[in-house]
Amino acid sequence: LGGVLNEPRRRADLNLSRTGLDSLAVRRGFARTVARFAFLLARVPRLSPAEIRQMARIEGEHHYHEARAQGRGVLLAGAHFGQWVFGVRLLDVRGVQ
């Protein structure tokens, strides 16, 4: 696998060198981000609904439930703060389908 990644890594290092950023520091930061995501990805399915509810909230959720009660469709839009995997689980716990 290391051989397959050599060319993309070389190109990324070349592009980073043009920015003046420290390539090694950027790669380490990326690795930390991937590790945090992997940890959350493994943890989210095991969180209880109560734990999920404590960790986040949905503002204006009543608009969703009112529209669905009237038989209307709903389009959800939101900012991306954190991992999308958690957001999907939050919507499930709140009964958004």
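Guide: Buried means a relative accessible area under 20%, exposed means one over 50%, and partly exposed covers what lies in between, using a 1.4 Å probe and protein chains only. This is a predicted model, in which local features need pLDDT of at least 70, side-chain atom pairs count only at pLDDT 80 or more, and totals for chains, interfaces and linings use all residues. Residues are numbered from 1 along each chain as its sequence is written, and side-chain values use heavy atoms, with hydrogens and water left out.

Visitor: Which exposed residues does α4 carry on the face turned away from its buried side?

Guide: Helices (H or I, at least four residues) and strands (E, at least two) are DSSP runs numbered from the N terminus, and helix α4 spans residues 61–69, with Glu61, Tyr64 and Ala67 buried. These three lie on the same side of α4 because they cover an arc of only 130° around the axis, the arc being that of the directions from the helix axis to the C-beta atoms. The face of α4 turned away from that buried side carries the exposed residues His63 and Ala69.

Visitor: Which residue just after α4 takes a positive phi?

Guide: The backbone just after α4 has a phi of about 80°. The residue with this positive value is Gly71.

Visitor: How many residues are in the largest nonpolar core?

Guide: A nonpolar core is a set of buried Ala, Val, Leu, Ile, Met, Phe, Trp, Tyr and Cys residues joined through side-chain atoms within 4.5 Å. In soluble globular proteins, nonpolar side chains tend to be buried together. Here the largest such core consists of Leu40, Val44, Leu47, Ile52, Val85, Phe86, Leu90 and Val93, and the number of residues is eight.

Visitor: Where does the salt bridge between Arg27 and Asp13 sit, and how far apart are the closest N and O atoms?

Guide: A salt bridge is a side-chain nitrogen of Lys or Arg within 4 Å of a carboxyl oxygen of Asp or Glu, and Arg27 forms one with Asp13. Arg27 lies in helix α2 and Asp13 in helix α1, so the pair ties together parts that are 14 residues apart in sequence. Both residues are partly exposed, with relative accessible areas of 34% for Arg27 and 25% for Asp13. The closest N and O atoms of this pair are apart by 2.7 Å.

Visitor: Which residue forms a salt bridge with Glu7 with the closest N and O atoms 3.2 Å apart?

Guide: Glu7 forms a salt bridge with Arg10, whose closest N and O atoms are 2.7 Å apart, and these two, three residues apart in helix α1 (residues 2–19), are separated by about one helical turn. Glu7 is partly exposed at 34% relative accessible area. The partner of Glu7 at 3.2 Å is Arg11.

Visitor: How much space lies in the second largest pocket?

Guide: On a 1 Å grid over the protein atoms alone, a pocket is an open set of points with protein on both sides within 12 Å along at least five of seven lines, where a 1.4 Å probe fits, and lining residues have an atom within 4 Å of a point. The second largest pocket is lined by Arg9, Ala12, Leu16, Val26, Arg27 and Phe30, with α1 and α2 each supplying at least two residues of the lining. Grid points are joined across faces, edges and corners, and a volume is the space filled by probe spheres set on the points. For this pocket the space is about 160 Å³.
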